[in-house]
Amino acid sequence: MSNHQSVSHQSVSHQTGGPLVSKGQIKVVHIYPREMSIYGDLGNTRALASRLRWHGYEPLVHQHHPGNDFPADAHLVLGGGGQDSGQARVENDLARNSEVLRVLAADGAPMLMICGMYQLFGNAFITIEGERLPGIGILDVTTQGNARRMIGPVVLETVYGDVVGYENHSGSTELGAGQRPFGRVRSGMGNNGTDRTEGAVTGNVFGSYLHGPVLPANPAFADALIKLAVERALGEPFVPGQIDDVFANQARTRQVRRLAG
Amino acid sequence: MAVAAGKMARVASRMRGGGSAMPGLVVEKLDPRFLSHALADLAGGVVVVTGTNGKTTTTKMLVAILREHGLTVFTNPTGSNFTRGVISAMLSELSLSGRLKADLAVLELDEAHALKFAAEVRPTHSLLLNVARDQLDRFAEIDHTARLLGELAAQTTTGVVLNLNDSFVSRIAGRVPDGVLVTYFGVDPSIADRLPELQEADVRFEDDFTPPEPTDADGLLKPHDERSFEVRFGAADQVGPMVLNQRGLAAMINATAATSTARALLGSEFRNATAVAALERVQPPFGRGEIINADGQPLELVLVKNPAGFTVALSTYGNTPVTTMVAINDDYADGRDVSWLYDVSFESLQGRGVALTSGVRAYDMALRLQYDDVAVAQVEPDLEAALERFLATYKNEPKRIFCTYTAMMALRRNLAGRYGLPNFGEEARL
């Protein structure tokens, strides 16, 4: 039913409306899709919505824009990377909604914050000029602005296996004492290019620099987020459907082979 | 010394069949002042064309219009838009004194290299096309790209031509030095609703900038139908109607930019009919909607390199769906980050699906299509093998290949061998 296209088939049966009987509704909130999604991070939202459908659930995608109240009933929250001008445009709204986000995070709501939003979920961003821009402190990380950009493909070792992506950031991020990273760098720079950590995880909140976007080619990680969201939304175990991940697995393992041998 | 060394490197690299930039690299190392010396004698000036999308096509159109008016124009071959590519192109045309003999130079330069170039040779004129997300691994941010164009405008000595409808570009008018003439190209207000086909809206924020009212010096695109259009300068003066060999609104706006710039350069010498004759004869540059006769069936080669460009290409070709291949590489010239594929909607390909994905990132492309419910019949990362299979399996039908830059170069070379087409780099002098 939720089977997808494999390499050799000539045609595909479209899964436009999802299965006849939904296993339940999952509310996915994309925070600042206009201001903070310049490197394809919208693809994470697309991937989660499609995978939820293929697993038999019904995704309700909500876009949160500056000036609105953040939906406190979110089951899964996604954020992406932006330009400096995009970050400036969301700062006030993020401060205004920081309490709702902190409560959601403490309550176990899964969140994935990429690049710029990862930095804003930390304690602070310190500009090259030394100015301290406060974050909302959900992740115990501090980012120092840097003249040098860290750009290139990345391979990580994580609890979800190898994770591939692409980093493009000028901030150099340090983890606080006891802060768990998202992964260990096998190839690339990661948080700061020195300690081989990448990203940060607190409870079910994930921060990472990985674009790519990160979820489509790393379905084990995507499904881990979905599992958390489903259990939170429905209070029952996640029942996965059958998804053909041949393309995703090929795309990922080929990058791993190219970059990390 | 540098000229001779460069010419030798040029011969050597042509014998190897190698890259077009190598001889330029040799000269750049030997004589950093080479460019300003070589371009010193051009009475008609040095025109730089830059922006994210349409540089190659627009440059070719502008050169065609100027040559049709009887001028001798030096230009760099398609796509070699770094300074060393310009130098490489010059070597074949230079006397050993190192001076270029031409009326003027029209150079296509990538946004970062345009500024590097301007540090050595200040352009007399610049044409700034648009700003879109492109290869962010190189430029980092679109705001940064816009700043580069602004700095180029500030370095220009005589005239600047700006895109009226792209606020990132039209806003640059404020940075043009006093005494430098600013003119615009854009779309006629009657087709303002089609602007989303030409530029991305999602990275543009509402701001208080209002574009200036166009004057009689500014060229506005007014299409009559899908093929025929004119460029209007005020109420009384129209260039056209005309029909291009390249399809789509993007090609028309490129022609509008080229016409507006030619008119600004030539002044009273500009002839409407001459411009139309030139534009109607221009062939699409290699891989930019070029149509190759493949065993009696048309094969369209369409370069795609960023979300805006791919979106425009899909809408341009969407009304004539044919068997399709997509080839994605991730070398430096392609953009190493393939994230941008997720900022393009591929739903228009759902009907027929995609016959083949290829290139180093063939599986990433197939995966991207899967997430848009577009069926992919085959995945073959090897470009040669994929092309072979594509041509053989779909021999008796029209075909189309969307490809990134280095994939296009490789496919074009292979196709040139198969079907006896001119080689890359020979085109600038045709």
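The following questions and answers cover cores, aromatic pairs, strands and helices of a predicted model.

Local features need pLDDT of at least 70 and side-chain atom pairs count only at pLDDT 80 or more, while totals for chains, interfaces and linings use all residues. Residues are numbered from 1 along each chain as its sequence is written, chains are lettered from A and ligands numbered from 1 in the order in which they are written, and side-chain values use heavy atoms, leaving out hydrogens and water.

User: Which residues touch the most other members of the largest nonpolar core?

Analyst: A nonpolar core is a set of buried Ala, Val, Leu, Ile, Met, Phe, Trp, Tyr and Cys residues joined through side-chain atoms within 4.5 Å. Buried means under 20% relative accessible area, exposed over 50%, partly exposed in between (1.4 Å probe, protein chains only). The largest core has 90 residues, and those touching the most other members are A:Phe121, B:Phe310 and B:Phe346.

User: Which helix gives the most to this core?

Analyst: Helices (H or I, at least four residues) and strands (E, at least two) are DSSP runs numbered from the N terminus. The top contributor gives seven residues: helix α13 (residues 362-371) of chain B.

User: What does B:Phe346 touch, not counting residues up to four places away in sequence?

Analyst: Contact means heavy atoms within 4.5 Å. By that test B:Phe346 touches B:Phe310, B:Leu314, B:Leu341, B:Met365, B:Arg368, B:Leu369, B:Asp372 and B:Val374.

User: How are the rings of B:Phe310 and B:Phe402 arranged: centres how far apart, planes at what angle?

Analyst: Rings of Phe, Tyr and Trp (its six-membered ring) pair if their centres lie within 6.5 Å; planes under 30 degrees apart count as stacked, over 60 as edge-to-face and the rest as tilted. The pair links helix α12 (residues 307-317) to strand β15 (residues 399-403) of chain B, with the two residues 92 apart. B:Phe310 is buried at 0% relative accessible area, and B:Phe402 is buried at 1%. The pair is tilted because the centres are 5.5 Å apart and the planes at 40 degrees.

User: Which residues form one aromatic cluster with B:Phe310?

Analyst: The structure holds 15 aromatic pairs over all chains. The cluster of B:Phe310 also contains B:Tyr317, B:Trp340, B:Phe346 and B:Phe402.

User: Which strands stand at the edges of the open four-stranded sheet in chain A?

Analyst: Two strands pair if DSSP finds at least two bridges between them. The order is β9-β8-β11-β12, with antiparallel pairing. Nine bridges join β8 (residues 150-158) to β9 of chain A, where A:Pro153 has A:Tyr166 as its bridge partner. Each edge strand has a single partner, so one side is left without a neighbour in the sheet: β9 (161-169) and β12 (197-198).

User: At about what angle does helix α5 of chain A run to β8(A)?

Analyst: Axes are lines fitted to C-alpha atoms, for helices over the stretch in contact, and angles run from 0 to 180 degrees between N-to-C directions. Helix α5 (residues 246-260) lies across β8, β9 and β11 (183-187) of chain A, and its angle to β8(A) is about 110 degrees.

User: How many residues of strand β5 of chain B are buried?

Analyst: Strand β5 (residues 159-163) is joined in parallel to β4 (residues 125-128) by four bridges and to β6 (residues 181-187) by five. Both faces are covered, with B:Gly159, B:Val161 and B:Asn163 on one side and B:Val160 and B:Leu162 on the other. The buried count is five of five.
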